[in-house]
Amino acid sequence: PGGSGVACSVVAGIELDYDYRQMLLGVTFTRDLSDFMSFGRKNSSPSLRLEMSHEFDHPFNRSVVNPGANELGYDASAKVNESGSGALAVIPSRAITKSDITSTMIGFDFPFWVPGWESQEKSIFTSFQLFDIYTHDADKGLLAQAPFAFAKVADHQNYSTFLWSMPLDSQRLILEGFVLRDFTNEGLVYRQRIDFNYFGDSWRPRIEWMHFSGKKESAPAGMFNNSDFVELSLTYQF
């Protein structure tokens, strides 16, 4: 009740529905640039990749919802907008909307041979990519990744990725690094893997470290609130 100073809470049963069929059109273009450029210790040349996709009617949760009559305790005459977690506890017809998404990517792959490292057994695979994700109806207050992040989706989501993989010791020791830089939400993700392929064809031990930093509750990096993870895994392949 207003003015009573009594804290109130809402308990609601939510039925999650994952029955969703994605409607997507995409095109990919790949071009070896050896006709234009080759450099390095073994005259390696990069490869260019262009990808574009268009998704129709992708569902989003709204960041602000009018609950309507008899929901969350409001009466029929109430004209109140609900935001935050309360916006998720209303009927889907009010909480969910749809928008088209157009995604564009440009990438370069390059096998890198380190100058002066004459005993290098295999090239270091490197891959750099730039992304732009355009959500057509972002101005309608869509949640970026509800219900796990209460950040509104940007009309243009821009980020870059860089991957490198270096095999050593007759390809039995594999070092792999991956970095994601989210320019829109000022986020950063770094993953470092070390694979030990010394135990036949079946056993695959791995050490993995991941670092996350970014704006709080902003997808994807800020969801982890400046965290570091270290994981040791043992996989059996058959």
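Phe108 counts as partly exposed because its relative accessibility is 35%, where buried denotes under 20% relative accessible area, exposed over 50%, and partly exposed the range in between (1.4 Å probe, protein chains only). The structure is a predicted model, in which local features require pLDDT of at least 70 and side-chain atom pairs count only at pLDDT 80 or more, while totals for chains, interfaces and linings use all residues. Residues are numbered from 1 along each chain as its sequence is written, and side-chain values use heavy atoms, without hydrogens and water.

Phe108 lies in strand 5; strands (E, at least two residues) are DSSP runs numbered from the N terminus. Together with Phe29, Leu50, Ile106, Phe128, Leu130 and Phe183, Phe108 makes a nonpolar surface patch of about 590 Å². Such a patch comprises residues with over 30% relative accessible area and no salt bridge, nonpolar side chains (Val, Leu, Ile, Met, Phe, Trp, Tyr) being joined within 5 Å; a salt bridge places a side-chain nitrogen of Lys or Arg within 4 Å of a carboxyl oxygen of Asp or Glu. Strand 5 and strand 6 are the elements that give two or more residues to the nonpolar patch.

Nine strands form an open sheet in the order 1-2-5-6-9-10-11-12-13, with antiparallel pairing; pairing requires at least two DSSP bridges between two strands. Strand 1 (23–32) and strand 13 (228–236) are the edge strands, each pairing on one side only. Within the sheet, strand 5 (residues 96–112) is joined to strand 6 (residues 124–135) by 12 bridges, with Thr104 opposite Asp132 of strand 6. Asp132 also has Asn158 as its bridge partner in strand 9, and 10 antiparallel bridges link strand 6 to strand 9 (residues 156–168).

Technical notes
Helices (H or I, at least four residues) and strands (E, at least two) are DSSP runs, numbered from the N terminus. Patches are made of residues with over 30% relative accessible area and no salt bridge: like charges are joined within 9 Å, nonpolar side chains (Val, Leu, Ile, Met, Phe, Trp, Tyr) within 5 Å. Accessible areas come from the Shrake-Rupley method with a 1.4 Å probe; for residues, only the protein chains shown count as cover.
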